[in-house]
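Hi there,

Here is the structure I promised to pass on. Have a look at it first, and my notes follow below.

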Amino acid sequence: MPSAPAQRATAVPNDLEAYWLPFTPNRAFKAAPRLIARAKDMHYYTPDGRAVLDGTAGMWCTNAGHNRDPIVAAIQAEAAALDYAPAFQFAHPKAFELASRVAALAPGDLDHVFFCNSGSEAVDTALKIALAYHNVRGEGARTRLIGRERGYHGVGFGGISVGGMVNNRKLFGALLAGVDHLPTTYNREHQAFSKGEPEWGAHLADELERIVTLHDASTIAAVIVEPMAGSTGVLPAPKGYLPRLRAICDKHGILLVFDEVITGFGRLGHAFAAERYGVVPDMITFAKGITSGSVPMGGVIVRKGIYDAFMRGPMHVVELFHGYTYSAHPLACAAGLATLDLYRDERLFERARKLEPAWAEAAMGLKGLPNVLDIRCVGLTAGIDLGSRPGEVGKRAYDAMDKAFRQENLVVRAAGETIVLTPPLIVSEGEIEEMFTKAARVIKAVA
Ligand SMILES: Cc1ncc(COP(=O)(O)O)c(C=O)c1O
């Protein structure tokens, strides 16, 4: 077991009440907390110094591994040099530098970058840009937004409106008006235990034609999808699905947004999944991996034509009435630049691509274990569906996550009744084996 990095012992809190944890069963957590005090590379360390293998890259974000020295140094230096500069009407050099670096990684003519602080803000930004773009071009009737069932686009009102996760929507009122949804691309009967993109399901993109027929193309602004739906348990796009969606959007003048908050920065073996699928969307949302999780940051990359459409009118007038106090925060930009250097210097996207077959092989090795109903994987991701105990949907995967942490020193994620593994891209073949050996023991333990 790797030893904990030398640092003073971190105090264990003695009052857990005030903190309301996000997307967490608070009472269960506070009765038996899972605390993490430090991290380095592939491991977390608990307050009592136990090393825990990170099977999930934080929450799909620490793609370069934890607390990497160049990123830490860049953040420290920037904090000492420039804590903050106004994001409106002023700017600092690293914002331009990072935008250029991100644009250079993006496919086609996606060459302008709008920064924000999270995936949710990136999604709301993209949806607003889509609506405004049609407006400034004189097609203001294009107000409808199309998402997809089982999509996750963060927790802003825009994101939950186009998202397709019922628990994230049902308590929050009527949401945005004029939203419709494509069907999910997942079908266990036709796709179970597919490695990578399933063969079945490209035709589901044609459902967009049905939606266009229902509403008329002149009312539709944009379609937003994740190239691989992550938060609902790793649902890779079927072969041919995304090009078909692109073609239908082109035919009807509808913008296509890829939400690459998870798939960006190497998760599927490329800077962006758009490259893997040979499809150029009109916008890409990103977050998480841009700073390897070290400082909050998100953004939207847009095609040149979209940016240009706004660059009109008097020179002194704001072209897009949108932005955040912390857009392109200096610490996030410094972290982003150091992170992109690491991805490049260590060829981490290529590394993910090379590891994919071994990863998929190891994941599929869990087939046949008790209650395993399906396994999906693409890039360095795996979703393992478990059968539910009667009347307790989600409990088996939750127990598996908890046991993995306490008994196997492994962090996995529970998404509904799916165990999800998505390690940092620096994972070794030995650590892949360790992860799936531990996951197998846990699955047996919750049988
Ligand atoms: C595809 C996608 N979009 C948006 C988000 C929201 O990101 P954030 O939690 O940073 O707001 C997520 C988060 O997991 C995501 O997976």
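Before the notes on helices, one definition: the expected span of a helix is 1.5 Å times one less than its number of residues. Helices here are DSSP runs (H or I, at least four residues) and strands are E runs of at least two, numbered from the N terminus. Please keep in mind that this is a predicted model, where local features need pLDDT of at least 70 and side-chain atom pairs count only at pLDDT 80 or more, while totals for chains, interfaces and linings use all residues. Residues are numbered from 1 along each chain as its sequence is written, and side-chain values use heavy atoms, with hydrogens and water left out.

Let me start with helix α5 (residues 119-136). Its 18 residues reach 25 Å from first C-alpha to last, close to the expected 26 Å. Buried residues (under 20% relative accessible area, with exposed over 50% and partly exposed in between, using a 1.4 Å probe and protein chains only) in α5 include Val123, Leu127 and Tyr133. Just after the helix, Gly138 has a positive phi of about 85°.

Ser120 deserves a look of its own. This residue of α5 counts as buried because its relative accessibility is 17%. A polar atom of its side chain lies 3.0 Å from the backbone nitrogen of Val155. Leaving aside residues up to four places away in sequence, Ser120 touches His153, Gly154, Val155 and Gly156, where contact means heavy atoms within 4.5 Å.

Next, a helix pair. The axes of α9 (residues 207-215) and α10 (residues 241-252) come within 9 Å and cross at roughly 25°, so α9 is roughly parallel to α10 (angles under 35 degrees count as roughly parallel). From α9, Leu208, Glu209 and Val212 make the contact, and from α10, Leu245, Ile248, Cys249, Lys251 and His252.

Finally, two loop residues. Most residues other than glycine have a negative phi. Asn67, in the loop between α2 (57-60) and α3, has a positive phi near 50° and is partly exposed at 42% relative accessible area. Asn371 sits in the loop between α14 (348-364) and β13 (372-377); its phi is positive too, about 70°, and at 29% relative accessibility it counts as partly exposed.

Best wishes

Notes: Axes fitted to C-alpha atoms, helices over the stretch in contact; angles between N-to-C directions. Parallel < 35°, antiparallel > 145°, perpendicular 65-115°, else oblique. Polar contact = N/O pair within 3.5 Å; in protein donor to acceptor, adjacent residues only side chain to side chain.
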